[in-house]
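This briefing summarises selected features of the model shown below.

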4 protein chains.
Amino acid sequence: MYKIGIVGASGYTGVELARLLVNHPDVELTVATSRQYAGKMLSDVYPNLRGLTDIVLEDVVIEDLVNRADLFFTAVPHQTAMNIVPAFLAAGKKVVDLSADFRIDDAEVYEAWYQTHIAKEFLEEAVYGLPEINRAKIKGARLVANPGCYPTSIILGLAPLLKNGIIDPSTIIADSKSGTSGAGRSASVATLYCEVTDGFKAYKVGNHRHTPEIEQEIAKLAGQGVIISFTPHLVPMVRGILSTIYAGLAKDVSQAEVDSMYQDFYKNERFVRPCAPGTFPATQFVRGSNYCDIGCKVDLRTKRIVVVSAIDNLVKGAAGQAVQNMNIVLGLGEASGLHVVPLFP
Amino acid sequence: MYKIGIVGASGYTGVELARLLVNHPDVELTVATSRQYAGKMLSDVYPNLRGLTDIVLEDVVIEDLVNRADLFFTAVPHQTAMNIVPAFLAAGKKVVDLSADFRIDDAEVYEAWYQTHIAKEFLEEAVYGLPEINRAKIKGARLVANPGCYPTSIILGLAPLLKNGIIDPSTIIADSKSGTSGAGRSASVATLYCEVTDGFKAYKVGNHRHTPEIEQEIAKLAGQGVIISFTPHLVPMVRGILSTIYAGLAKDVSQAEVDSMYQDFYKNERFVRPCAPGTFPATQFVRGSNYCDIGCKVDLRTKRIVVVSAIDNLVKGAAGQAVQNMNIVLGLGEASGLHVVPLFP
Amino acid sequence: MYKIGIVGASGYTGVELARLLVNHPDVELTVATSRQYAGKMLSDVYPNLRGLTDIVLEDVVIEDLVNRADLFFTAVPHQTAMNIVPAFLAAGKKVVDLSADFRIDDAEVYEAWYQTHIAKEFLEEAVYGLPEINRAKIKGARLVANPGCYPTSIILGLAPLLKNGIIDPSTIIADSKSGTSGAGRSASVATLYCEVTDGFKAYKVGNHRHTPEIEQEIAKLAGQGVIISFTPHLVPMVRGILSTIYAGLAKDVSQAEVDSMYQDFYKNERFVRPCAPGTFPATQFVRGSNYCDIGCKVDLRTKRIVVVSAIDNLVKGAAGQAVQNMNIVLGLGEASGLHVVPLFP
Amino acid sequence: MYKIGIVGASGYTGVELARLLVNHPDVELTVATSRQYAGKMLSDVYPNLRGLTDIVLEDVVIEDLVNRADLFFTAVPHQTAMNIVPAFLAAGKKVVDLSADFRIDDAEVYEAWYQTHIAKEFLEEAVYGLPEINRAKIKGARLVANPGCYPTSIILGLAPLLKNGIIDPSTIIADSKSGTSGAGRSASVATLYCEVTDGFKAYKVGNHRHTPEIEQEIAKLAGQGVIISFTPHLVPMVRGILSTIYAGLAKDVSQAEVDSMYQDFYKNERFVRPCAPGTFPATQFVRGSNYCDIGCKVDLRTKRIVVVSAIDNLVKGAAGQAVQNMNIVLGLGEASGLHVVPLFP
């Protein structure tokens, strides 16, 4: 029974980690922090957890909590993470960081899109935690950089095509749509019910911070530098990301050949479900689960391929993938604690 | 490993049973029927189940399927159930019936609110499957009549007050609000997205068929005949029932005394969570789970008590309670397969 | 062409006034205030108004603005209103106040439910602005207290019954459900999209501040003191209040007689639409409009009557009724500017 | 006062026409047909219209109704329209057809995407009714082919760029998202509340029938043949289309230059509102209105431009644009009856 801590347990990602961990057979939640709600029970802040955990939220005082867990999830904003992760590592703990701070290999790129990095010495060691691509490296890692939600949906959607040289990487356009939980639980006018419901909009057009992360990982798969267009949108729903990804075909290929590539590429992956030929995913069929569903269309009329991938942004796009990474790091069954059936309707 | 059949697996209640059973450690889903989708995989009709079950839907031919399971859930409309349940019982099978056909003790009352009953001989034997009230009887039952969704929320909400003689049963008014999944998956204009969303209405004012069921069970708890006002409403949400129940106080009582009654009455119940004093439930905190959350307010100004109870209509109001009944009938752990954390947000 | 000012134009009620006034043929919007957004164009804060008004929001400096309009709407919180309304009256202006500050006749009652009142001298003069009940008094008023949203739906729903002595006023229970726009546009966790959507809850059970306002006006119609039970609920929708109101019958009466009473009582009212016998209202059919739709059920089984009324809380429950009051006060056509067809779907 | 008929008045587009016409100062609704609801009042089928129109729905018997109006809207499915439009024209009536039947100039293209065309002789005469592009031709037209909802949003979004030669037409990708009202009011499982809400999906990937219509009109603006990628998506909202359109830059251009092009191109258009530089549209700010809001981003990093346009699919994407066309055809003020303020929140 490993002991696990969540730093930042009162945000939507933090409590999603708690949701998965209270039913996890091999680990125990021993630490949960929240500056805002310190002293309160987590189940008072999130009454869905009543009867399932008695854990009390506490302020982040690293020396008080560092020895009470074997592995820590840091579910905090970028810049905050880089200030606390080193202390956990120094104490010999494993860390799965859910912020962006250790995802970008090149500190200059990070600093161009975010702000100054004060823990650059860990960038090389940090492993980008997309198990379907990087499982071997995650196994031995001390520090896993859990991928962003949009990057997860886009990289998993494109990986088989990039690996097989099917598409021209210079033509990639990713049009992504996210549920509102991705914006977190902070009080803000922009995410009020009345502002979001029955509406739809694009945001951060051409300058969302997930862009360099996507480009970095796609470049590795493509074996060449890549610049992509990426536009995120806000959907009036809670959970889910659907990415519609366009790319020019680099060679003649049939729909059946591409369908086989996806089936083959993901044949041993429990959490990626290629759709049946001719069908496409919908976010409601992965709701609450760690699945990534993927469909694609070879469009010979336009000489492009269209890939559609769907995840739950809080699960495969955040907490679920983090638990998957934890399982790998700790040598547990990779799906342990993740046997959640998508909730539909 | 018990074998389980679902008759009517392609409705929302049927697929909810499947969602719970595919992760149940002690049973195996061996039969799933659907007239409309016979021949298709259940996971083609409900893609959330892809990778979790390979079961193929089949038409209802009782002699073909009756020996392939130990217990059958009949998740079919009233009147249909009475036509098939007797055959399962005759074959020595257990049945948990999710229709209304075996809930009403008095055939005359049933026939006044529904239609002619053709299997009256089973009414006396059938056990009303509300475990928190009837657990002992359910244990030995062949035929469990799984309660209606509205009745579950109202009876659990009132039971401690009725048992303690706190309220005047002749004054009960239950104002209930349900998510749209209660209307089922049939194509109909009234439940189209555009008709339901961003709107609210009452329906079947004064004549909903759950009325006699509620009155029957409340009368047993009160030890006297009871007539109630019951008004259901349609909420633009998928899952959840919230019942706001009003009753005149029959005696002087304090808020603290009533709070204690609820704590005491449900202290050994895993699936009923009385709210902390001064707090009230919300349907989003029971979403996807088998919980019933209950809060109450003793209003000395009006000499009434207001009880608010919340369930997920598809779980504690249907499939979850049915699995709970199955567990009791088969001698399994009562919560087996029901360790689903409410999905929030 | 009358000149009109809105104090508090950047809240949902304030901008709803602007929506109605920009198309009003007889008035001109000359002042719009907002502490938070002073200096910005109203159409930058609410882009739906782009191209329809160039008005710039300004801070509330009464001496700067008091002479730039003939009538002011004060769409501000209670307690704020009492601090500014007297200055407008002193300058000879008409005021339609949308706060609660001048609705309660008895200062002691006000202070028991709100806080100290500092402008009690205007309570007697203020007219409760429910035109269907108080039209004659509104005509000559300087200060109109625009009714609360819940009270509007409940009083209009009960007025014909009270006037005709059909119900026992001591038995009234009003179970009301409101869209989320009633909570206003302040940033708060409780009204975030992810907290509200796909959920339902009661709030302020037994102690909502609209209670004394409802009791006061019902008492006038009943000709006797009245204490009611009132429970508000939050619906995952933007606009709309539906009130389900229960009362014991005081005399034998048929459904047809009661239906006639409603038709008769409201036969000259443009904005109240009694439903056809046997049908009930839904909030989506009054969305965006100044209508109040009402249906009722005489339930001889329980000896109670159930009334269901629906309004758009921002229109008939706030800004629309305020414009209706303005029209009456200024001697304009009562429906002027209010010819908005309910938006459905 | 012109007399107007609506053929197909009980669908969402038909009733939206009625919503706009009941408040139109220059026309009178004299005919409304519906096979399904013949004999019922329109306001019984759509209670939002109670008190606003007494019109009774009738079956479509052309000889009975053709002389009772000056202009007919045909709000019927493709293939149905081509069967009835010729009769109206033969009787000397004007027609604004909201189906696809007369939008495609080339009958072969039409037949490749739809089915056999039986009224090809009208294709040349029919005018594509996008007033901002084709106003002069619409003025004298007998038969206006009202544009599709997706094409309206995409063509208006791209027109300034195409006219100015800013983009390479061979690189256009249009990723569009629509509210559910676009699917109409037919009972179908796919558009039930529980299937649509809290979910997001793509549909008809690579083969939606609006593709040739978009390509045809874009080709005219570009002065060359164009093939585009077009992917529609279903958003859990009622009204609104947001199109995100990508194209490679054909020349060096600055953000400021492009912003000016949009301002200039649409400077005399009442219903197109270019967004302020750096801002983008959202569907909730055009809800219920005839506006098209457009924002754009010149992305020098990717050498592409991203255009985002938003309309209400039932108004500018259907009924509102049809009324605009009617106004032009009949010589009325182009905005007559269309002064509806977008409903927000």
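**Interface, symmetry and a buried glutamine**

About 3800 Å² is buried between chain B and chain C, with 53% of this area on carbon and sulfur atoms. Within chain B, the residues losing the most area to chain C are Asp198(B), Phe200(B) and Arg301(B), which together account for 19% of what that side buries. The model is a predicted one.

**Contacts between chain B and chain C**

- The interface brings 50 residues of chain B into contact with 50 residues of chain C.
- Between chain B and chain C, 6 salt bridges are counted.
- A salt bridge joins Lys177(B) to Asp175(C), with 3.0 Å between the closest N and O atoms.
- Polar contacts across the interface of chain B and chain C involve 28 residue pairs, both residues of each pair being at pLDDT 80 or more.

**Composition of the chain B side**

- At least two residues each are supplied to the side of chain B that touches chain C by the strands β7 (173–178), β8 (201–202), β9 (229–234), β10 (241–248), β12 (292–299) and β13 (304–311), and by the helices α8 (193–196) and α9 (210–222).
- Strand β7(B) provides the largest share of that side, with 4 residues.
- By residue class, the side of chain B that touches chain C comprises 24 nonpolar, 14 polar and 12 charged residues.

**Relation between chain A and chain D**

- Chain D is superposed on chain A by a rotation of 180° with 0.0 Å of shift along the axis, at an RMSD of 0.0 Å.
- The two copies are therefore related as by a two-fold rotation axis.
- Pro236(D) is the residue of chain D that comes closest to the rotation axis, its C-alpha lying at 3.2 Å.
- Both copies use the same surface, since 100% of the contact residues of chain D recur in chain A.

- Gln216(B) belongs to helix α9 of chain B.
- The relative accessible area of Gln216(B) is 14%, under the 20% cut-off, so this residue is classed as buried.
- Leaving aside residues up to four places away in sequence, Gln216(B) touches Arg103(B), Ile104(B), Asp105(B) and Asp106(B).
- For one of these residues, Arg103(B), the backbone oxygen lies 2.8 Å from a polar atom of the Gln216(B) side chain.

Technical notes: Residues numbered from 1 in each chain as written. Chains lettered and ligands numbered in written order. Predicted model: local features only at pLDDT ≥ 70, side-chain atom pairs only at ≥ 80, totals over all residues. Heavy atoms only, no water. Contact = heavy atoms within 4.5 Å. Buried area = accessible area lost by both parts, 1.4 Å probe. Salt bridge = Lys/Arg side-chain N within 4 Å of Asp/Glu carboxyl O. Polar contact = N/O pair within 3.5 Å; in protein donor to acceptor, adjacent residues only side chain to side chain. Nonpolar A, V, L, I, M, F, W, Y, C, P; charged D, E, K, R; others polar. Least-squares fit on C-alpha atoms with pLDDT ≥ 70 in both. Buried < 20%, exposed > 50% of the residue type's maximum accessible area, 1.4 Å probe, protein only.
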